[in-house]
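Dear colleague,

Please find below the structure that I am handing over to you. My notes on it follow directly after.

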Amino acid sequence: MSETSESRLSIKARLPVFLRRADPAVLTAFGCIFLLLLLGSLYSSNFLSPDYLLQQLKVASFLGVVAAGMMVVILLGHIDLSVPWVMTMGAMMACAAAGFGEIGAAVAIPVGVLSGMAFGLLNGLGVAYLRIPSMIVTLASNVVAQGLMVVYTGGFSPQDSAPNAIRWLATGALLPGVPNAILVWSGVSAAMVFLFTRTAFGRAVYGIGNSERAAFLSGVGTRRVVMIAFVVSGGLSAFGGVLLAGYASKAAQAMGDPYLLPSIAAVVLGGTSILGGRGSYFGTVAGVILITLLQSILSVMQMPEAGRQIVYGVVIIVMLLLYGRAPPSR
Amino acid sequence: MTTAEIQATSPLFRMEGVSKRYGGVRALENAHLDVEAGHIHAILGENGAGKSTLIKIMAGVVAPDEGRMLLDGQEAVFRSPAAASAAGIACVFQELSLIPDLSVADNIAISNPPCRFGLIDRRAQRAIAEEALARAGAEDIHPRAAVKDLPLSRRQMVEIAKALASRPRILILDEATSALTAGDVAKVFAVLKGLRSEGLALLYISHRMHEIAELADTCTVFRNGRNVASFCAGTRTNGEVVEMMIGREYSNVFPPRQQHSAEPGKAPVLECRNLGWSDRLRDISFSVGEGEVVGLGGLEGQGQRLLLLALFGVLRGTSGSVLIDGQPAAIRSPAEARRPPRSMALIPEDRKTEGLMLPMTVRENLSFAALDRIARGGVIDRGKEEQLIDDMVRLLEIKTAGLDVPVGALSGGNQQKVVIAKWLMREPRIILLNDPTRGIDVGTKQELYRLLRRLAEAGAAIVFYSTDYDELIGCCDRVLVLYDGRVVRELEGDGITERALIASALNVEAAQEGTVA
C-alpha cells in the first residue's frame, strides 16, 4: 500500500501546487464545464458571450443556495428530500408576510427563511433523536409542507406578489452588470467555506460523515450537529425559494419541484461522497454551474424536458459510479 | 487410548502445516491437528492463540496461506462456508447466527430449504426441523415458534439443532455453552456424548476447564498460533495445562513501577460501586487512585470492554454508581465524560472505526476531540491548533509525512499514537485504555508503556484493559480479573503473575492440582 501511495505522490509532485491540492473530482467537474462551453460555442458563439455567462450564473445562484444546504446534510451521510416544498413554503410565507404592509415587507425574508428552518428542525429532531432514516423523515415532511401550502392557498397560486426587497435581491444589480443573485450566492458560499474549514461545527460534520461512532466516542454532541445541519439545509432551501419568488415576482405551487434532483446532483457531481465525509465546497459550486449549463444547453438545443430528466439521471448514476462508492478501507 | 493407537487409525480429518497471516500478524503457524471420528477433541489456548483462526479455516470462512487439509485421507479445499458444510463440517458459534424474525424451522433449514416446484415445502421443512431438534435433545421447542420469542439458552439449542440438520460428520462447537443454563449444559453434554457414540467427530472449544474435563477424549493446546501439545484427556493436571498455555518466548521491557502510596484521607479519582449493566456486567466495585495504573484482565469478552464503555457514558441503563473525586458523577455520554472536571478519555478498541476518521488528515484527527478547547465561539483558532498539534507530535514522536496526509496512510503504531495524542490534548485526569497495543509493533508498544508510566506519575488515574498478560504484569499496579461480567479476583504488586492471571481468568485455582478429566 505504501508503494502505491508513493508512486501516486511522484506523479502528483510534478503538478503545480493548486492542482496537487485539488480534489480530482472538482477538477473533473470544472473540466466538464469547459467542455460543455466548448461544445456550446461550436453550436453558437453566443455561449461564450459575457451576457450569456452572467445570465447562467444568475440562474445557477438559486440552485447554488439550495445545494449549499443539501451539501451539509449529504456530508453527514444523510439526505434532505424535503427541498421542493420547503422551498415553495419559504417563497409563499415570504410573499404572504409582504401582504401585511410595510412591516410585513420588511420581515418577509426572515419569515420565509425561519419557516424553512422550522421544518429543518423537525427533520433534524426526527433523524438525530428519533433515529428515523433521513430519507423517510424528509420525504414525509415534504408531503406535510405540501399539504400545508395547499391548505393555505386553496390549491391555487397565491395572489400576494413578492415584495420589492426580494425582487431587488433576485433581479437587481448593486454592482453594474452583476446581478444581485450572484452576490447573494457568493455571500452564502463564503459563509459555507468558512463553516466547513474554520469552525468546530464544520469539522464535526466531516467527522460524523466519516465515522459517526468515532465522532461520538470523541465526545462530540453528534445529535446536536445532525440537527443543526438539517436546520441549515431547511433554512437555505427556503431562502432559495424566496430568491426564486423574487425572480418570478411571485410564489407558485410546486415551484421547488425542479430543484430536488439537481441540488443532490450538483453536490454529488462536485465530488462529495453520497455516503458522507468527503467533499469540498468548490466542487458543489462546480456541480451547480455544470448542471445549470447542461440544462441551458439542452434547452437551447430544443431537448424536451423528458430528455433533460433522462440526461440528469444518467449523469448522476455515472458520477456515482466514479466517486460515490467507498474506497477499500484497508 | 495411547498415542500409538491414535496414530494407527487413520483420522477423519487432518490439518497439516497450516499457516495464516493477517498483515504482519501470524494468527496460525504450521498447525497440525488430527480429528478422529467418535471422539470429542478439546482445543485449549489463551487469547489470540489461534483457536478462532483454526475454526474459520476448517469452516471455509478464511483460506489458509499454507498447508493442506485432508478429509478421509483426501485433500480438501474449502472455498466457502457452503463448501465446508457440503463436506460435512458444521459449526456452532458463540455469537448466535439465527435470524430473530424467522421461525425455528425456517432458521434450521435456512441454508438448504426443501423445495417443491421452486417454493419452500413447509411440511418437509417442519419435519426436518423436528428431527434436528429431537437430535439436539430440544423436543420442547416448537418449530413454528419465532426465534426472537425464545430465551437465549433455547436459541443456543436451536443453533445446535441447525448445525445438526446439515447432517455433519464433524461438529465444531465454539464456546457453545457460554449462554446456557446449568440444566441445559447437562442436556447438551448428554447430546454431545450421544453424537460421539454415533461416530461424529466433535471439536470442542471452551474456556471452562471443568467442561473439558467432563467431555473431552483428546486435548490440543495452542499457543501463539502453534499447536504445542496434544494429549489424551486426563493425563495432565490443570497446573500443567496452564503452563503449556503460557509458554515463554518474548519479554518486553517495561518501565520500573513507582512505589505507589495513596495519600491518606484523599478520595480516589475514580470509584465504581456495584456497577451493573443488563446481565453482562454485574456488581463491579473498584477504585483508582491518583497516579495508579489499574489493569483489567481475564479472557476476552468477559465484560472488560463494556466496563470501559459504561464508565465513559456510552452504555445506557447502567446500575450502581460512579464517583469522581468522591463526588457522584452521572455520566450519560462521552461528551459529559470528557468535560472538566471529570476530564475522562477513552482510547477505544478499534482505532480504524472508533478512534480515527481514516480519510481525514492527521491534523483534523488530532484536534478532533479537543475542538472545544481550541475554538473560540465555534471558530477554530488555527495558531493554537498548530501549537498543540506540534507539541503532541513531538511528545509522542508521531512519524508522519505531514499533518495534511490522511491518517489512514500512517502505520498502525503511529495511528494508535494519534488516537492517544488526540486525547492527551485535553489533558485528561482519567484515562481508559481498551487494548491499546493490539496489532502494533514492539517498539511502539514499549514507547506506550513508558508513556503510561509518565502519565501516571503526572497524576493521571489509568484503567488499562489488555489481552496481553505480559502487559498487565509489566504495567499495572493492580489487576482486576473479570469473568462473566464480574470481578473474580484482584491481584496486586508482586501477586500479578501470569500463573495467577490465567488461573483466575479461567476461574480455576492454579494451586489446586486436579486433573483434567
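Predicted model: local features only at pLDDT ≥ 70, side-chain atom pairs only at ≥ 80, totals over all residues.

**Notes on the model**

Residues are numbered from 1 along each chain as its sequence is written, and chains are lettered from A and ligands numbered from 1 in the order in which they are written.

**Chain A**

The C-alpha atoms of chain A fill a box of roughly 70 × 55 × 35 Å along the principal axes. Chain A has 16 helices and zero strands; helices (H or I, at least four residues) and strands (E, at least two) are DSSP runs, numbered from the N terminus. Of its 330 residues, 49% count as buried, that is, with 20 or more other C-beta atoms within 10 Å of their own, C-beta atoms being placed from the backbone (12 or fewer is exposed, in between is partly exposed). Two residues are in contact if their C-beta atoms, placed from the backbone, lie within 7 Å. Among contacts in chain A between residues at least 6 apart in sequence, 77% join residues at least 24 apart.

**Where the chains meet**

In the contact between the chains, 24 residues of chain B face 21 residues of chain A. Helices H11 (334-338), H12 (351-355) and H14 (371-374) and strand S20 (379-380) of chain B each give two or more residues to the chain B side. H11(B) gives the most, with four residues. By class, the chain B side has 17 nonpolar, three polar and four charged residues; Ala, Val, Leu, Ile, Met, Phe, Trp, Tyr, Cys and Pro count as nonpolar, Asp, Glu, Lys and Arg as charged, and the others, Gly among them, as polar.

**B:Glu46**

B:Glu46 is in the loop between strand S3 (40-45) and helix H2 (51-58) of chain B. B:Glu46 counts as buried because it has 25 C-beta neighbours inside 10 Å. Leaving aside neighbours within four places in sequence, B:Glu46 is in contact with B:Met245 and B:Ile502. B:His207 is 161 residues from B:Glu46 in sequence, yet their C-alpha atoms are 8.5 Å apart.

With kind regards
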